[in-house]
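Please keep the sequence and the structure in view while reading.

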Amino acid sequence: MTTTLLVRGATLVDGSTADILVADGRIVEIGAKLGHLNARSIDAAGLVALPGLVDLHTHLREPGFEQAETVLTGTRAAAAGGFTAVHAMANTLPVADTAGVVEQVHALGARAGYATVRPIGAVTRGLEGAQLAEIGAMASSRAAVRVFSDDGKCISDALIMRRALEYVTTFGGVIAQHAQEPRLTDGAQMNEGSVSSELGLKGWPAVAEEAIIARDVLLAHHVGARLHVCHVSTAGSVDLIRWAKKRGIAVTAEVTPHHLVLTDELARSYDARFKVNPPLRSSDDVQALREGLADGTIDIVATDHAPHPLESKEAEWEAAAFGMVGLESALSVVQASVVDTGLLDWADVARVLSSAPAAIGQLAGYEDGIVVGALANFVLWDPLTSRSFATSDLRGRSTNSPYLGHSLPGRVVATVHDGYPTVLDGELVDAETVAQSARAAQGAPIFASTQENHRG
Amino acid sequence: MRHLLSTRDLRRDEAIQILDLAEDMAQVAGREVPKLPALRGKTIVNLFYEDSTRTRISFEAAAKRLSADVINFSAKGSSVTKGESLKDTAQTLGAMGADAVVIRHGASGAAHVLAASDWIDAGVVNAGDGTHEHPTQALLDAYTIRQRVSGTGARGAGLDGVRVVIVGDVLHSRVARSNVWLLSTLGARVHIVAPVTLLPVELDNWPVTVGHSLDEAIDESPDVVMMLRIQAERMDDSFFPHPREYAREWGLDDARAARLGGDTIVMHPGPMNRGLEISARAADSVKSTVLEQVANGVSVRMAVLYLLVTAPGSDRGVSAGSTRGTGGEQR
Ligand SMILES: [Zn+2]
């Protein structure tokens, strides 16, 4: 009942061309001119085969904000963007601060089948920054949570942060910090600088991010814990993380696609689609982030996909919600900002969007990319086309994308998750088929069965 | 002119056209029947999300002198989270056939959002948006300065070489922002005086010089000293230690007012905190233009409403000077 797929003539990240045979959820053979009697064939000539993308920072909004996104709609958006795994942030309603909530989110993801959903647990109860959430219970739940974050809010109390860093170590977890000193950003609306000075919008200064990162890397060093920094947005933050890594501090960092390409000049329109937290910064910051990603200071790209209903964005800037959707556009923006500019090659992209985020999230199966024996999670990407990005390219429930009407390079032709397609010919496979494939895959043998007849 | 959202992008000729037209409008005010039929049958809505009786009354008087129908829509309290959204309100006003909407809003950019939307077709006048701009205030200030400097020969003139000192809370002041752009566009040299806490972080792109001492600024014999209002809420937020210290360092007290040159004028957008940013004697002296500013406000707003409502390029009826906007402070 499981799918056998034969991908013909894909370009691998090392530049070579090969066929990829998938059976029983795994990659069973890679080579030239493979054949199989009953395989469904996918023509991948001219397409780059990347390992399934892994997002470490996704807001799926369920439970509680289903008018913006659900686990189903969010993972459809993920699949459409080439993702096979997403890490769902904890700022839902109720907050994901108990085993019950994370197990629910995890189960919804497994049932939908578009992508592996790894819940992120809250660090503090109710994201209130005062008392630790049930970290151990979430870690040992069926959701096996390894990443903990109060994202949306900063763990600003230094003692709580210290305790959290220490306590998650007990369970092999990591704290992902949303670095934003709250007093310095009270009522903040956009990057503090010349544009905010003109527009009369309250500034969100770079130092509010950098001060927390500086404190946290020192704390992580002091207690011997791992720290992950969410959505790094300033040149100063890149410098601090570079310094910390040089000293051997166990810190990892992410940058969002939008911080690699958009600047605070866009706020001049007062169009709230450009309102995001942390805010869009200067072009100098954009350049430093690109360089930080290229030299490994920044480990990964994560979307911070933040869906909002129309009414939350059709408003005065100060009244509008922070956030942008990003799953469907992420790979295009990465290609435009760092691949087409020569800073990263496709092997680097596979690292920053797949193996490295999987390693931080301790998600197994992504260590080696597209290799024989690995779970079949990959995306076939056409880097040579470009598209005028439109709402029809958005497959989640919300349309708050900053790229609408802009030309973006590349297109997802197919996404394969755990051996079955979620996107074929550039279109999402229907929900029923995907759910059925997921049930079959979850019932399938765990280890690759090398069938005798796979060679035709 | 389709909209008036900010002075940032107002060209010199556009600004002078408004000021000259305001001169004509001022003559109407001197007549026995101070009314023109220019906007008969047109509807102007005052959409006020913030209380500002003086600004609303000024726009209302301007509209009525042009024979327009005026609807006052006080949206105060209908905060965006609890009440009707700006979109719904705008669509309602559009359905009522508004030809122009005068909007006062606590959020920077609100007028801009309204003008850029397809919610309503009316022309939009920014009557103060958050801490962004308040263009008609700057226009009436420019008008007032021009009248004092050039007298009856003002028509067609800019403010070339006029030296203006703006003192106080520039950070939160929409009046200051609009004045900085407009006065410099008209050729004035603008100097800003404030404690560092009350200055925007980056002024590199502003056509101004910046200092921190009011006494030094007065030593330079400026033509205009414009005092900004200090809002009560700033006093509790560590922008300065104490109102007394603020008044001592940056207030226009009697001693400082006495040192001003004979032709130097003292301006304040009102309402004033007497004894804080300005002493009662300074506010009431012959140097003070506070009451002229109020009178001139009506003339300038008549000019703006007239240009907006009769703009060609809209189905409403004058010239398409593009006024792209950004925008103000509490006054
Ligand atoms: Zn965040």
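In α4(A), Ala158(A), Met161(A), Arg162(A), Leu165(A) and Glu166(A) meet Arg215(A), Asp216(A), Leu219(A), Ala220(A), His222(A) and Val223(A) of α6(A), contact meaning heavy atoms within 4.5 Å. This is a predicted model, in which local features need pLDDT of at least 70 and side-chain atom pairs count only at pLDDT 80 or more, while totals for chains, interfaces and linings use all residues. Residues are numbered from 1 along each chain as its sequence is written, chains are lettered from A and ligands numbered from 1 in the order in which they are written, and side-chain values use heavy atoms, with hydrogens and water left out.

- The residues of the contact between α4(A) and α6(A) comprise 6 nonpolar, 1 polar and 4 charged.
- Helix α4 (residues 158-169) of chain A packs against helix α6 (residues 206-223) of chain A at about 45 degrees, the axes lying 10 Å apart.
- That angle makes α4(A) oblique to α6(A), a class for angles that are not under 35 degrees (roughly parallel), over 145 (roughly antiparallel) or 65 to 115 (roughly perpendicular).

**Zinc site**
- Asp151(A) (OD), His178(A) (ND1) and His231(A) (NE2) coordinate the zinc ion at 1.9 to 2.2 Å, where donors are N, O and S atoms within 2.8 Å of the metal (3.2 Å for Na, K and Ca) and, as water is not among the atoms, sites may look incomplete.
- Asp151(A), in the loop between β9 (147-148) and α4 of chain A, and His231(A), in the loop between β13 (227-229) and α7 (235-246) of chain A, are 80 residues apart and link distant parts of the chain.
- Asp151(A) is buried at 4% relative accessible area, and His231(A) is likewise buried at 2% (buried means under 20%, exposed over 50%, partly exposed in between, with a 1.4 Å probe and protein chains only).

Note on methods
Axes are lines fitted to C-alpha atoms, for helices over the stretch in contact, and angles run from 0 to 180 degrees between N-to-C directions. Helices (H or I, at least four residues) and strands (E, at least two) are DSSP runs, numbered from the N terminus. Ala, Val, Leu, Ile, Met, Phe, Trp, Tyr, Cys and Pro count as nonpolar, Asp, Glu, Lys and Arg as charged, and the others, Gly among them, as polar.
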